[in-house]
Amino acid sequence: MSAYDTLNEPQKEAVFTTEGPVLILAGAGSGKTRALTHRIAYLVDELGVSPFNIMAITFTNKAAGEMKERVEKLVGIGSDAIWVTTFHSSCVRILRRFADKIGYDNNFSIYDSDDSKSLMKDVCKRLNIDTKQLKERTILAEISSAKNELITYGKYKVRVDGDFRKSKIADAYTMYQEALIKNNAMDFDDLIMNTVELLRNNEDVLNDYQKRFKYIMVDEYQDTNTAQFQLIRLLAGGYNNLCVVGDDDQSIYKFRGANIRNILDFEKYYLEAKVIRLEQNYRSSQNILDAANAVIANNEGRKEKKLWTDKGAGELIHLRMFDTAYEEAEYIATDVARKTRKGIINYGDCAVLYRTNAQSRLLEEKFVYEGIPYNVVGGVNFYSRREIKDVLAYLKTIDNAKDDLTVKRIINVPKRGIGNTSISKIQTYADENGISFFDACSVSSDIQGMGKTALKIEGFVNLISRLRAKMEIISLSQLVREVLEETSYIQEFDAESEEDAQNRIENIEELINKVIAFEEEHESATLSSFLEEVSLVADIDNIDESIPRALLMTLHSAKGLEFSHVYLAGMEDGLFPSYMTIMSDDSTEVEEERRLAYVGITRAKDDLTLCYSRSRMMRGEMQYNAISRFVKEIPKSLMDNRPPKPRVDEFSEPPAVSFSPLGKPKAVATKRVGTKTCNVGGLSSLDIVGISKGVASVENKSVGTKPDYDIGSRVNHVKFGDGTVTDLEPGPRDFKVTVDFDDVGTKVMYAAFARLKTID
DNA sequence: TAGTTGGGTTTTTTT
DNA sequence: AACCCAACTA
């Protein structure tokens, strides 16, 4: 009897195949983490490989932490020599040793997306880029994808090829990168790209790591981007003992540069690669698995897999439909409350998953009302909250005042009477003399025309020096308290008497707790090491599992997790899949959303509830969406389809067509109450378009002329495609036409804006 | 310099 | 609905 007897055959193969390239295609819930951890244990215990020679890479700190813990249990002493880290952390670890070889100081700082954005704003201003036409976001997204493809600004410039937009971006990329280097800072993408550059150009460093990492394992391989792929390829180049684990059906990070070809073509990159399939699912009931399989079967170009389980059919999947998102949230909250009251589950067994962070608000409201302990994962990252960033900016300035961006953030926080004019003057002086912003502040009395402001700036510089001196003699957490004390930062909130002042103070206290926890974990906790850890945490890393709570999070955050009871909220075309992907010419975009649906469904072990709301407030406008196509892809026989509550009011009419999960829902009658459009039963989707912007210009017009189509006509819309007119009525300003589009469901439009063309 | 206000803008997802 | 920014005012 050995530790490996509990594994199934393919899992054993995955564990025992240690030499050469290996691709483990691991379906959802097929025990891939088990296989990986046992593989590491096997290497150490049976083959006598030194833990020092093993590397395992994951995407989140949470996954890394869990793997570490499990390996420790199996291997015991010595396991901490294994590099079990995220891509970003391992790169930082390498760069902290060798960044000087590529033109950085080894104590470089790491920019988060907010920092990148502020820097880009600055760049655009200096380059006179009209940010109305070319947004900072767009430029940054373009730069990010370039970096994920290992395209430096030099290479980017060459590819501009006369394209005006691209040449602007190339300029911005160049100046942005130069500014980063000047500030001794790297953004997230730089961490990977710069490491690849370092390894490519420094054979000694590369050899060093190649010799060290005799065995490399990569988790969630389907979500690696080109830069990460090249990094792994370089590191594994010595022994070629590279084991990647992934599931192409769970590739959901294309927008972040993930290249699904990395997994699909692994066998082409490594011709001798051994492929192992883990297809037995240990997580979900057969019904849930069948549903997931049915949905994902609609994607093309997958690696064929057939997940199976020896668990029974289990509960039917629940489909619940609501008139409003409010009712949806209420149902989920009361359902969780009811189940826990009955003792069926604990709060910690439940998760509500949704497509967009904005959906958490309503749910939260109802969870509070029901008194359910819950945690929202994500949304605004803890470390990107204003008050936290402010305090951290003080700490960063104390640690390393080279970073102009950080210094500028706090030079007038709290208010010291140092305005934009003064800041510009200091910056100009710094530029002219080739010194940093902070160094310019130190000599503010030398700067022309500063007047009395020079004294205020001096006060700020003295404050930082004072704190810097104190840092030598007090602990990290004391230093944070000292910062708060010296700046009267918290008093500032009280004075403002903001409604969320209390919240902010709590967040700062939470930060102090995190500092204390860090001090307890690390014996020689330095300011730099704390700041580094903080810059690389993901939302999911912050879940506190000590108290059982229901979790609310996006589908993306839920990847890799499992729960007994899962609610998928907002199963609506237009939300999930989103309009962007439905409208896209690129059909692979909907396929990515479908993979996301697959991920969502397969999070559930025992019980899955799909929720759909006929109406929903999105970006300040009421949207009426059709039920998600992904729900329709699930065989009806797997679902307990409780019919929607009939709407009984004086305006209601019976639904025209009842719901059938396999067929296309047909539009039903609609009724207008005042200016609000209501849907009265059935599963139609209504969407008011074209009124938000255009109304004012139509205001003075008399009732529009009747269009040349009528109810029943087939029409074409430039964006929504072909459809059938189901309703046409004169409104106060123009005819309102309702069309059931073949692809995107029913929409209500003003005829003048719809510009429909009749077709045969 | 600081605070207010009105107008314009939102890719959904994140290390 | 929420956020950000420019313009304006005190």
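By salt bridge I mean a side-chain nitrogen of Lys or Arg within 4 Å of a carboxyl oxygen of Asp or Glu. Both residues sit in helix α24, residues 501-521, four residues apart, about one turn of the helix. Helices here are DSSP runs of H or I with at least four residues, strands are runs of E with at least two, and the numbering goes from the N terminus. E510 is partly exposed, with a relative accessible area of 34%. On that scale, buried is under 20% relative accessible area, exposed is over 50%, and partly exposed is in between, using a 1.4 Å probe and protein chains only.

Quick housekeeping. This is a predicted model, where local features need pLDDT of at least 70 and side-chain atom pairs count only at pLDDT 80 or more, while totals for chains, interfaces and linings use all residues. Residues are numbered from 1 along each chain as its sequence is written, chains are lettered from A and ligands numbered from 1 in the order in which they are written, and side-chain values use heavy atoms, leaving out hydrogens and water.

Back to salt bridges. How many does a search of the whole structure find? The search finds 44. One of them is K274 with E13, with the closest N and O atoms 3.1 Å apart. That pair links distant parts of the chain: K274 is in strand β8 (274-278), E13 is in helix α1 (9-16), and they are 261 residues apart. K274 is partly exposed at 36%, and E13 is partly exposed at 33%.

Then there's D586 with K254, where the closest N and O atoms are 3.6 Å apart. D586 lies in the loop between α27 and α28, and K254 in the loop between β7 and α12, so this pair ties together parts that are 332 residues apart in sequence. D586 is partly exposed at 32%, and K254 is partly exposed at 40%. There's also a network of salt bridges linking K32, D219, E220, D223 and K559.

Now the DNA. Which residues surround DNA strand C? They are K121, R361, R619 and G620, where near means that a heavy atom of the residue lies within 4 Å of the strand. A phosphate oxygen of DNA strand C is 3.1 Å from an N or O atom in the side chain of R361.

Strands β14 (604-618) and β15 (621-624) run antiparallel and are joined by four bridges; strands count as paired if DSSP finds at least two bridges between them. M618 stands opposite E621 in β15. Two residues lie between the strands, and R619 in the turn has a positive phi of about 50 degrees.

Staying in β14, we find D607. Is D607 buried or exposed? D607 counts as buried, at 5% relative accessibility. Its side chain makes a polar contact with the side chain of H318, at 3.2 Å. A polar contact is a pair of N or O atoms within 3.5 Å; within protein, one must be able to donate a hydrogen and the other to accept it, and residues adjacent in sequence count only if both atoms are side-chain atoms.
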